[in-house]
Amino acid sequence: MLKIGLTGWGDHPDIYSPSSSGKDKLIDYSGHFPIVELDATFYAVQPERTISKWIAETPANFQFVVKAYQGITGHLRGALPFPSIEEMYAQFTQSLLPLQQAGKLAFILLQFPPWFDCTKEHVSEIRSIIDRLARFEIAVEFRHQSWYSVEYYEKTIAFLTSLNAIHSVCDEPQAGSGSIPLVAKATRKDCVLLRIHGRNVDGWLNTTGDTNTWRKVRYLYNYSDAELGELKEVVRELQRQSKEVVILFNNNSGGHAAQNAKRFQKLLAVTYESKVDTQLNLFEEDL
């Protein structure tokens, strides 16, 4: 089983109906893809009314990959905006229960920052996080190259397997210690994640300017047919190891993610039938 989607639904003009307003973007998106990465949860714990709205706007067979709150994964280096760590986890967990109960929560993605290297302290921290989120399925993505060094590569895969965590395989620029190689290894037989970030080395290394400026450069990349062919072989390898492969395109900066994902659907002969009435198929030929 292959599920192809994008990271977020707000920056993909190619898949919106001309008659839609901004509030219809998720509805439009769900007519094209069966799964999406929910990034809003990284920046703040979402209120129940917002989660309920997203559940109502998507078909029964639609799912969300929820990006863990930044305070959980160590992106916030200052004081947490919660009375305690326990309260942070309690609020985050509570916010996701409606998604889980509706059967629309695929898993939580723990994406660790580039400075989160392979150390005993960080290994213990991962154990603690997964223990606190034990009621959910968890995927783990590293950004520091040390986890895949010759010394630790096999131990990293074994570690994730022992935790029953889903391995997030990444296609991204090879730009030093703050990036990881593409390691096509599944750590569970039922699911593996492939996140596709683009291959813009200069953009990946450019951290100047404010957050919005930096993001516009970092994920600016349009995959060629040949490169998508390379990724097709990666997917076939992952299929030999795991029943379900979830594929998320994150090269959103230039609006290429939706187009690339559509081309990849065709390349892999993946079809998706939304269980809501839409007119979004009008755009298929242009994608």
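Where is the place of A56? Hi everyone, let's start with that one. A56 sits in helix α3, residues 48–57; helices here are DSSP runs of H or I with at least four residues, strands are runs of E with at least two, and both are numbered from the N terminus.

A quick word on the model. It is a predicted one, with residues numbered from 1 along each chain as its sequence is written. Local features need pLDDT of at least 70, side-chain atom pairs count only at pLDDT 80 or more, totals for chains, interfaces and linings use all residues, and side-chain values use heavy atoms, with hydrogens and water left out.

Back to A56. Is A56 buried or exposed? A56 is exposed, at 66% relative accessible area; buried means under 20%, exposed over 50%, and partly exposed in between, using a 1.4 Å probe and protein chains only.

The buried residues of α3 are T50, I51, W54, I55 and E57. They pack against α1, β2, α2, β3 and α5, where contact means heavy atoms within 4.5 Å.

Let's take α5 from that list. Its axis and that of α3 come within 9 Å and cross at roughly 20 degrees; axes are lines fitted to C-alpha atoms, for helices over the stretch in contact, and angles run from 0 to 180 degrees between N-to-C directions. That makes α3 roughly parallel to α5, since angles under 35 degrees count as roughly parallel, over 145 as roughly antiparallel, 65 to 115 as roughly perpendicular, and the rest as oblique. On the α3 side the contact uses E48, I51 and I55, and on the α5 side S95, P98 and L99.

Helix α10 (225–241) packs with α11 (257–267) at about 55 degrees, their axes 10 Å apart. That makes α10 oblique to α11. Among the residues making this contact are L228 and L231 of α10, and F264 and L267 of α11.

Last stop, H197. It lies in the loop between β7 (191–196) and α8 (201–205). H197 is buried, with a relative accessible area of 1%. Which side chains does the side chain of H197 meet in polar contacts? R143 at 3.5 Å, and N250 at 3.0 Å. A polar contact here is a pair of N or O atoms within 3.5 Å; within protein, one must be able to donate a hydrogen and the other to accept it, and residues adjacent in sequence count only if both atoms are side-chain atoms.
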